[in-house]
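Trainee: Could you take me through one part of this model closely, the aromatic side chains and where they sit, and then connect that to the rest of the chain? I would like the cut-offs spelled out as you go.

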Amino acid sequence: VSTQSTWGLKKKTQPPADIKTVEDLKSLTKSEELVVLGVFNDLKSEKALEFLAGSKKFDATAATTTSSEVRKHLKLSDGDEVLLLKQYDNLRDDLGSSWTADDLASKVSSLGRRLVTPFTEKYQKSIFVPENKKIAFAVIDHNDKKGSKKDLECVTEAAKKFREVVFVDVDSSDSGASRVLDYFGLSASSKGALVVFEPQGSAKYKYEGGDLCDGLESFVQNYLDGKVERFLKKQKTPEDWDAEHVKVLTGYNFNEIALDTNKHVFVEFYAPWCGHCKQLEPVWNKLGKYFRKRDDIVIAKIDATLNEIAEVPVESFPTLKFFPKGGSNILDYSGERNYKSLKKYVVSHAGPNPKKKKA
């Protein structure tokens with residue numbers, strides 16, 4: 001779990017800063033992107049003690065003040081107040097006093113999050129945190145100054161409307177963005193594209209309107225209403241996919257082969273760059289060769305970086321899945337990845353190969 005918040009700051013563990021003067025406040029808000037300020041008449045009051053308890057859960061810098069000078073500077077009337085002071089977006093949110101220690105952290109997390117988070121080294125880790133259930137990656141070419149400004153404004157307007165979605169600005173002109181673009185089936189030339197990603201289950205929903213200012217809000221609303229079909233990457237099936245002992249599967253032929261109820265199908269989901277996958281390759285080929293004459297057994301592999309199967313979310317490589325004959329549940333293989341263990345596993349489900357007849 002990341003120790004950074006959704007706006008990219010390291011989790012703060014020190015006690016709230018004591019703000020005595022306006023200069024103290026200016027100094028703190030200049031150095032910190034987000035400050036949660038509790039303004040109280042008495043730090044021993046019930047609300048002040050609730051704030052102190054709740055501040056332990058903040059992923060932001062907390063501060064308190066009883067200064068009338070600071071209160072006047074912030075244009076606050078008498079009474080207990082909590083403010084979110086930001087270096088971005090609307091700069092300030094007033095929470096008033098209608099909060100409890102239990103829900104204050106969630107309010108801070110929600111309102112403190114940037115409307116649109118830049119996909120930069122500083123913020124990348126903070127994007128993929130458990131509380132971010134729906135993340136929208138917008139492809140914006142920042143080399144195009146005029147166009148990128150317009151696109152970012154339109155994405156920001158969508159972010160204001162759909163706060164349940166975390167919006168991310170991916171600069172397609174930045175070479176560091178190539179890996180995330182590739183993962184989402186996009187490229188640097190995918191102008192006006194956006195992908196909503198659900199980390200739990202790795203589901204993707206793709207908008208390719210060609211213009212982030214035309215139809216984006218309708219797309220997000222349709223997505224939230226369950227009216228957008230999930231996007232799955234698919235690789236063209238090679239003509240010689242069944243030429244070797246290990247069959248090559250893609251998003252196009254996967255269901256036909258792996259879900260064939262007349263066969264036991266053992267599939268390796270791999271990544272070309274994965275070292276463990278490369279180590280497994282000769283073992284997997286040997287397994288395919290051993291069962292090559294069995295009409296009821298298929299040993300197969302699929303490049304999971306180019307093909308996505310809705311029923312099989314892949315979180316690590318290699319992932320081995322067994323699809324038993326008869327259409328029963330998909331089985332996870334978690335045993336040893338040596339030839340003897342893999343062969344024994346297949347035989348336990350499909351039975352041994354017929355013994356060769358003596359001449």
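Mentor: Tryptophan 99 counts as buried, at 2% relative accessibility, and phenylalanine 51 is likewise buried, with a relative accessible area of 0%; here buried means under 20% relative accessible area, exposed means over 50%, and partly exposed lies in between, with a 1.4 Å probe and protein chains only. This is a predicted model, in which local features need pLDDT of at least 70 and side-chain atom pairs count only at pLDDT 80 or more, while totals for chains, interfaces and linings use all residues. Residues are numbered from 1 along each chain as its sequence is written, and side-chain values use heavy atoms, with hydrogens and water left out.

The structure holds 21 aromatic pairs, a pair being two rings of Phe, Tyr or Trp (its six-membered ring) with centres within 6.5 Å, called stacked if the planes are under 30 degrees apart, edge-to-face if over 60, and tilted otherwise. In one of these pairs, the ring centres of phenylalanine 51 and tryptophan 99 lie 6.5 Å apart and the planes meet at 65°, so the arrangement is edge-to-face. Because phenylalanine 51 belongs to helix α2 (residues 46-54) and tryptophan 99 to the loop between β5 (92-96) and α4 (101-112), this contact ties together parts that are 48 residues apart in sequence; helices (H or I, at least four residues) and strands (E, at least two) are DSSP runs, numbered from the N terminus.

Phenylalanine 266 and tryptophan 284 form another aromatic pair, a tilted one, with 4.9 Å from centre to centre and 55° between the planes. Phenylalanine 266 sits in strand β12 (residues 264-270) and tryptophan 284 in helix α10 (residues 275-290), so parts that are 18 residues apart in sequence are tied together. Phenylalanine 266 is buried at a relative accessible area of 1%, and tryptophan 284 is buried with a value of 1%. Elsewhere, ring pairs join Phe119, Phe128, Phe137, Tyr183, Phe184 and Phe197 into a cluster.

Helix α10 also carries lysine 289, which is partly exposed, with a relative accessible area of 46%. Lys289 gathers with Arg292, Lys293 and Lys356 in a surface patch of positive charge, whereas Glu239, Asp240, Asp242 and Glu244 form a negative surface patch.

The structure holds 12 salt bridges, each a side-chain nitrogen of Lys or Arg within 4 Å of a carboxyl oxygen of Asp or Glu. One of them joins the side chains of arginine 114 and glutamate 33, at 3.6 Å from N to O. Arginine 114 is in the loop between α4 and β6 (116-118), and glutamate 33 is in the loop between α1 (22-31) and β2 (34-39), so this bridge ties together parts that are 81 residues apart in sequence. Both arginine 114 and glutamate 33 are buried, and Glu33, Arg114 and Lys122 are linked in a network of salt bridges. Aspartate 93 bridges to lysine 86, with 2.6 Å between the closest N and O atoms, and aspartate 93 and lysine 86 are buried as well.

By contrast, glutamate 157 is partly exposed at 41% relative accessibility, as is lysine 160 at 48%. These two form a salt bridge whose closest N and O atoms are 3.2 Å apart, and both lie in helix α6 (residues 145-161), three residues apart, about one turn of the helix.

Some backbone details complete the picture. Phenylalanine 317 and proline 318 are joined by a cis peptide bond, with omega about -10°, and proline 318 lies in the loop between β13 (297-303) and β14. Lysine 75, a residue other than glycine, has a positive phi near 60°; lysine 75 is in the loop between α3 (68-73) and β4 (81-86) and counts as exposed at 78% relative accessibility.

Technical notes
Patches are made of residues with over 30% relative accessible area and no salt bridge: like charges are joined within 9 Å, nonpolar side chains (Val, Leu, Ile, Met, Phe, Trp, Tyr) within 5 Å. Accessible areas come from the Shrake-Rupley method with a 1.4 Å probe; for residues, only the protein chains shown count as cover. Lys and Arg count as positive and Asp and Glu as negative; His and the chain ends are not counted. The place of a charge is taken as NZ of Lys, CZ of Arg, CG of Asp or CD of Glu.
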